[in-house]
Amino acid sequence: MTRPLLLSLLLVSTLAHASEKETYYNTRYVETEADRRRAVFTETEEPLPPFPTADGWTELYVSPTYPGQLLISRDSIHPAADRTVRYVLNLRPQHGGTDNISAEALYCADTSFNIREGKKSAYKTYAYGDPVNRRWIAARNARWQNLGGRPDSAAAVRETLYRIWCHDGAPETREGLLRRLDERGGKNAASGRQNRKESD
């Protein structure tokens, strides 16, 4: 191989390598069908879960100032086909009163800025529970609500669920969701105080 030809090949190789390094994206990435499906959120319709039993609740830790108890039905927790987490919540007042039961879904965005689909982490309430007659009442104008917003007790509840399931990516199996619940559900407060259910 002549010297000029060798130098030309070396120059072309160097320029190609330099131009590839100057791009802001991976030029070798090939998008798959699974990637394309993940890029578009299509909500899955599911029947409402069975109404929870009176003793089927697990308490979650929210904060030292949270007024009441945040309870979740372990039996209701499962991943849906649309990559949301489905579950049944119970916001129990601190000094008695009626349980506030709801069937919900939590969507965990892949990133904080989900540019391709534009959907942020959000939750949706499908139905409210009637604990007296043990039946569901469909939510009127049910819609997805982005997480965040006003720092009230409702936002604190969803932040707790986000912390449990969305940090580090949502697990894709029921077993993974339950494991996260056990690991991050706050069996102990930051002070080391046991939650109310454990201390009873």
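**Reading the model**

Guide: Just after helix 4, G186 takes a positive phi of about 80°. This is a predicted model, in which local features need pLDDT of at least 70, side-chain atom pairs count only at pLDDT 80 or more, and totals for chains, interfaces and linings use all residues. Residues are numbered from 1 along each chain as its sequence is written, and side-chain values use heavy atoms, with hydrogens and water left out.

Visitor: What makes a run of residues a helix or a strand, and how many are there in the protein chain?

Guide: Helices are DSSP runs of H or I with at least four residues; strands are runs of E with at least two; numbering starts from the N terminus. The protein chain has 5 helices and 8 strands. Their order is α-α-β-β-β-β-β-β-β-β-α-α-α from the N terminus on.

Visitor: Why is C108 called buried?

Guide: Buried means under 20% relative accessible area, exposed over 50%, partly exposed in between (1.4 Å probe, protein chains only). C108 has 7% relative accessibility, so it counts as buried. C166 is buried too, with a relative accessible area of 7%. Across the protein chain, buried residues make up 35% of the 200 residues. In helix 4 (residues 174-184), the buried residues are G176, L177, L178, R180 and L181.

Visitor: How do you know that C108 and C166 form a disulfide?

Guide: The test is a pair of cysteine sulfur atoms within 2.5 Å. The sulfur atoms of C108 and C166 are 2.0 Å apart, so the pair passes. A search of the whole structure finds 1 disulfide. C108 sits in the loop between strand 5 (100-107) and strand 6 (122-130), and C166 in the loop between helix 3 and helix 4, 58 residues apart. The link is left-handed, with -70° about the S-S bond.

Visitor: What makes a set of residues a nonpolar core?

Guide: The members are buried Ala, Val, Leu, Ile, Met, Phe, Trp, Tyr and Cys residues, joined through side-chain atoms within 4.5 Å. The largest such core has 20 residues; I72, I77, Y87, L106, L161 and W165 have the most contacts inside it. Helix 3 (153-165) is one of the elements that supply at least two residues of this core. Its share, 4 residues, is the largest. Apart from this core lies another, of 8 residues, among them L71, I101, A127 and W136.

Visitor: Which residues does I77 touch?

Guide: Contact means heavy atoms within 4.5 Å. Not counting residues up to four places away in sequence, I77 touches I72, V85, R86, Y87, W165, R174, L177, L178 and L181.
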